[in-house]
Amino acid sequence: MTLHNGRFANKKYKTVQVGYIAAGMYQALKRIQRIVEPEGEFNIVSNDTEVVKLVLHRFKNVVQCEEFEFGFKEREEAEKDENRNKRVIELAKYLEALQKGVYSKREIREAAGIDQAHFSDYLKNERIVRLVQNKVITMTYRSIERL
């Protein structure tokens, strides 16, 4: 039952999974027009070309088939990286501006506006690691000391 990118690693299971998805899409398209000789325009939006080919293979006289690249995921990832870089810069500036002393990680996380689930990722960023290497701060399990 091992998965690889949302698909079963086992070829038999993967074939059943892809066939099931293609059959569902085919049935949905057939329900749109129930006349004997349907004629219409359909847009299938999927990033799985194998499934789309299986669906189109079942229809006779497919006239035109175009592929479009929307790029939503790439744009979303770029925005996410940009926001993360801004937050890391803000966190580094905040840590540098602190007075000497020991501060809890929770206190710093809340002041920087970073959620708990991602705070450790921010602390592993090269800018923050550089602060540790340059002996500006030291980190322990629950606290950060400004030197």
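Predicted model: local features only at pLDDT ≥ 70, side-chain atom pairs only at ≥ 80, totals over all residues.

Reader: Which element has the lowest mean pLDDT, and which the highest?

Author: Strand S1, residues 3–4, is lowest at 72. Strand S3, residues 101–104, is highest at 90.

Reader: On to Ile 21. Where is the place of Ile 21?

Author: Ile 21 sits in helix H1, residues 11–32.

Reader: Why does Ile 21 count as partly exposed?

Author: Because its relative accessibility is 33%.

Reader: Leaving aside neighbours within four places in sequence, what is Ile 21 in contact with?

Author: Arg 7 and Val 51.

Reader: And how are the C-alpha atoms of Ile 21 and Leu 54 separated?

Author: By 9.7 Å. Along the chain, Ile 21 and Leu 54 are 33 residues apart.

Reader: Let's do H2. Which residues there are buried?

Author: In helix H2, residues 49–58, the buried ones include Val 51, Val 52 and Val 55. They share one side of H2, because their arc around the axis is only 100°.

Reader: What covers the buried residues of H2?

Author: The cover includes strand S2, 7–8, and H1.

Reader: Which exposed residues does the face turned away carry?

Author: Lys 53 and His 57 are on that face of H2.

Reader: What caps the N-terminal end of H2?

Author: Asp 48 does. One of its side-chain oxygens is 3.2 Å from the backbone nitrogen of Glu 50.

Reader: Now H5. Which residues are buried there?

Author: Phe 119, Tyr 122 and Leu 123 are buried in helix H5, residues 116–123. Down the axis of H5 they fall within an arc of 90°, so they line one face.

Reader: Last topic, the sheet. What is the order of the 3 strands?

Author: S3-S5-S4, in an open sheet with antiparallel pairing. S3 and strand S4, 137–139, are the edge strands, each pairing on one side only. The twist averages 25° from one strand to the next.

Reader: Over how many bridges do S3 and S5 pair?

Author: Over 4, in the antiparallel sense. Strand S5 covers residues 143–146.

Reader: Which residue in S5 is the bridge partner of Ser 104?

Author: Ser 143.

Technical notes. Residues numbered from 1 in each chain as written. Heavy atoms only, no water. pLDDT = per-residue confidence, 0-100. Helix = DSSP H or I, 4+ residues; strand = E, 2+ residues; numbered from the N terminus. Buried < 20%, exposed > 50% of the residue type's maximum accessible area, 1.4 Å probe, protein only. Contact = heavy atoms within 4.5 Å. Arc of directions from axis to C-beta. Polar contact = N/O pair within 3.5 Å; in protein donor to acceptor, adjacent residues only side chain to side chain. Pairing = 2+ DSSP bridges. Axes fitted to C-alpha atoms, helices over the stretch in contact; angles between N-to-C directions.
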